[in-house]
Every structure is written in C-alpha cells, then in structure tokens.
Amino acid sequence: MDIKIEKLKEYINLYDNIVFFGGAGVSTESGIPDFRSADGLYSQKYRYPPEYMLSHTFFEKQTEEFFEFYREKMIPPSSVKPNAAHNYLACLEEKGKLKAVITQNIDGLHQAAGSKNVLELHGSVWRNYCTKCGKFYKTDLNIKGVPYCSCGGIIKPDVVLYEEGLNDTMLNKAIKSISNASLLIIGGTSLVVYPAAGLVQYFKGDKIVIINKMPTKLDNTADLVIPFGIGKVFESIWKAEKEN
Ligand code: NAD
C-alpha cells in the first residue's frame with residue numbers, strides 16, 4: 001500500500017470523531033463529471049458558461065433552457081451508482097467513527113450508499129418545490145419542458161444556484177460538525193466555491209487530510225495530502241481492513 005494511504009489508514013484507526021467534507025470529485029469515479037477537471041463541465045462547450053446556466057438569473061430569464069441543461073447535465077441517469085468512496089464513508093459511519101458527511105454534491109449518492117448524516121450544502125437534484133405554494137415534489141425524469149405545480153407555480157429544483165444563498169440551518173450544522181471533529185478528511189473538491197470552502201476554517205481538531213487529484217490552496221496546511229482518486233484510496237484501505 002502507498003505510504004500516504006497507509007498513514008490515512010492509521011489516522012482512521014486512531015480517531016472516532018471523523019468528518020468528511022467533499023465535492024464533485026467524489027462522484028467522478030461513478031461517472032458524473034465534476035466542474036474543474038480536464039473532462040469536467042467547464043471544459044465542455046455550451047452557448048453560455050456553466051456558472052451562468054446554473055445561476056438564479058438564468059433560471060428566471062431562460063427557464064426552458066435552464067431545465068434542458070439541468071436535466072441533461074445535473075441529474076444523474078439511473079445507471080449511476082455510488083463508488084467505493086461513498087460506500088466506505090457509509091461503512092465508517094455505521095462503525096460509529098464518521099460523524100458527518102458534508103457535501104457540495106447534489107447527486108444523492110452518499111445517501112444511496114447508506115450514509116445517514118449527510119449535510120447537503122447545495123441541496124439535491126432529487127427534491128423540488130413549488131416556487132409559489134412551496135409544495136414538495138420528487139424528481140420525475142419523464143417530465144419535459146418547464147414543470148408546473150397544480151397551483152400554477154414553477155417547480156424548482158431544491159439546489160442552490162449561483163447567486164443564491166446557502167440554507168442557514170444546513171450551514172450551521174456543518175460548522176458544528178467541523179468544529180467538533182478530531183480528523184477532517186477533505187476530498188474531491190477544488191475548494192474554490194464559497195462559502196462552502198470557507199467551512200474548513202472552523203476545524204479545531206488534530207489532523208486534516210486532503211485527497212484530491214489536483215493541488216488545492218489548503219495543501220500546505222494539511223497534515224497529509226493524497227493526490228490520487230478518492231475511490232481507489234478508500235477501496236485499498238477497506239480491502240486492507242477486511243484482510244486484517
Ligand atoms: P470542482 O469541479 O471544482 O473540483 C473537483 C475537484 O476534484 C478537482 O480539484 C479535481 O482534481 C478533483 N477530483 C476529480 N476527480 C477526483 C477523484 N476521483 N478523486 C480525487 N479528486 C478528484 O468541484 P467542487 O469543488 O465540488 O465545486 C464545484 C461545484 O460543483 C459544487 O458546488 C457542486 O455543487 C457542483 N457539482 C456537483 C456535482 C455532483 O453532485 N456530483 C457534479 C458537478 C458539479
């Protein structure tokens with residue numbers, strides 16, 4: 001086993017109050033593109049930049065196009081399954097070692113893997129609500145065009161679009177979890193999207209580990225940086241744990 005992965009395994013053994021903070025890179029090994037990798041959404045060509053197509057303004061002004069892009073790029077097809085990263089984190093929670101998964105992802109894969117305490121900072125593609133009466137709706141993959149509620153309001157995905165604020169309750173829960181953690185594992189995030197990326201400043205525990213393919217601005221403050229695919233990293237730890 002790689003020496004850095006061995007070190008992470010030691011930390012996981014040592015601490016019983018672990019928190020995971022992750023982003024789109026956690027789901028790339030499930031086949032969902034992130035934003036900033038070479039094959040991420042920002043490298044693909046659209047009529048407008050992806051930040052704009054996922055903004056509140058675009059939703060308001062070009063609602064039809066918003067839903068077209070959102071359905072095609074943001075809602076994962078049913079063939080997409082959790083990978084070893086989601087599965088291992090769910091297993092760590094079941095063992096009582098992992099206290100929370102704080103995610104910027106909106107794909108629901110942590111819950112699909114069995115994680116219970118998942119703090120979805122940016123919401124979920126699997127929830128929707130009427131912008132007029134507030135009624136909640138599940139995601140219906142068969143609907144085409146702009147979805148409307150029986151009251152006439154537009155049904156909006158329960159995801160935080162660019163220009164929109166994060167849910168305060170969710171943010172406070174995330175701050176509390178990070179403040180109470182002894183080991184913070186950060187993975188699959190470029191740490192450039194705020195306020196999510198700023199949550200790391202609330203950590204007061206012992207060790208920070210970053211598992212990310214590309215360098216991040218927090219690499220020099222972390223105790224351990226593992227520049228590999230997160231699914232592969234957790235898979236090899238899980239395999240070694242099972243063999244012991
Ligand atoms: P990002 O695209 O900015 O960064 C992803 C990071 O993960 C990159 O630094 C990349 O090097 C790294 N990475 C990619 N695959 C990896 C892997 N297998 N193992 C380890 N590292 C890997 O994503 P972000 O930081 O989450 O921020 C952008 C926004 O993207 C978030 O707000 C999120 O809501 C949104 N988003 C979510 C999904 C999803 O739900 N799956 C997909 C795309 C974008």
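Is Tyr 129 buried, partly exposed or exposed?

1. Tyr 129 counts as partly exposed, because its relative accessibility is 25%. The scale runs from buried (under 20% relative accessible area) through partly exposed to exposed (over 50%), with a 1.4 Å probe and protein chains only. Tyr 129 sits in strand E4. Strands (E, at least two residues) and helices (H or I, at least four) are DSSP runs, numbered from the N terminus.

2. A word on the source. This is a predicted model, in which local features need pLDDT of at least 70 and side-chain atom pairs count only at pLDDT 80 or more, while totals for chains, interfaces and linings use all residues. Residues are numbered from 1 along each chain as its sequence is written, and side-chain values use heavy atoms, with hydrogens and water left out.

3. Neighbours of Tyr 129. Contact means heavy atoms within 4.5 Å. Leaving aside residues within four places in sequence, Tyr 129 is in contact with Gly 134, Lys 135, Phe 136, Ile 154, Ile 155, Lys 156, Pro 157 and Asp 158. Leu 109 is 20 residues from Tyr 129 in sequence and 20 Å away in space, C-alpha to C-alpha.

4. Asn 128 is also placed in E4, which covers residues 123-130. Asn 128 counts as buried, because its relative accessibility is 8%. A polar atom of its side chain lies 3.4 Å from the backbone oxygen of Lys 138. Beyond four places in sequence, its contacts include Phe 136, Tyr 137, Thr 139, Ile 155 and Pro 157.

5. His 122 lies in the loop between strand E3 (118-120) and E4. At 12% relative accessibility, His 122 counts as buried. A polar atom of its side chain is 3.3 Å from the backbone oxygen of Gln 104. Among the residues it touches, not counting those up to four places away in sequence, are Thr 103, Ile 106, Asp 158, Leu 166 and Val 193.

6. Helix H4 (residues 63-73) has these buried residues: Thr 63, Phe 66, Phe 67, Phe 69 and Tyr 70. They pack against helix H2 (50-53), helix H3 (56-61), E4 and strand E6 (155-159).

7. The axes of helix H5 (residues 84-94) and helix H8 (residues 230-243) come within 7 Å and cross at roughly 45°. Therefore H5 is oblique to H8. Axes are lines fitted to C-alpha atoms, for helices over the stretch in contact, and angles run from 0 to 180 degrees between N-to-C directions. Under 35 degrees is roughly parallel, over 145 roughly antiparallel, 65 to 115 roughly perpendicular, and the rest oblique.

Key: A polar contact is a pair of N or O atoms within 3.5 Å; within protein, one must be able to donate a hydrogen and the other to accept it, and residues adjacent in sequence count only if both atoms are side-chain atoms.
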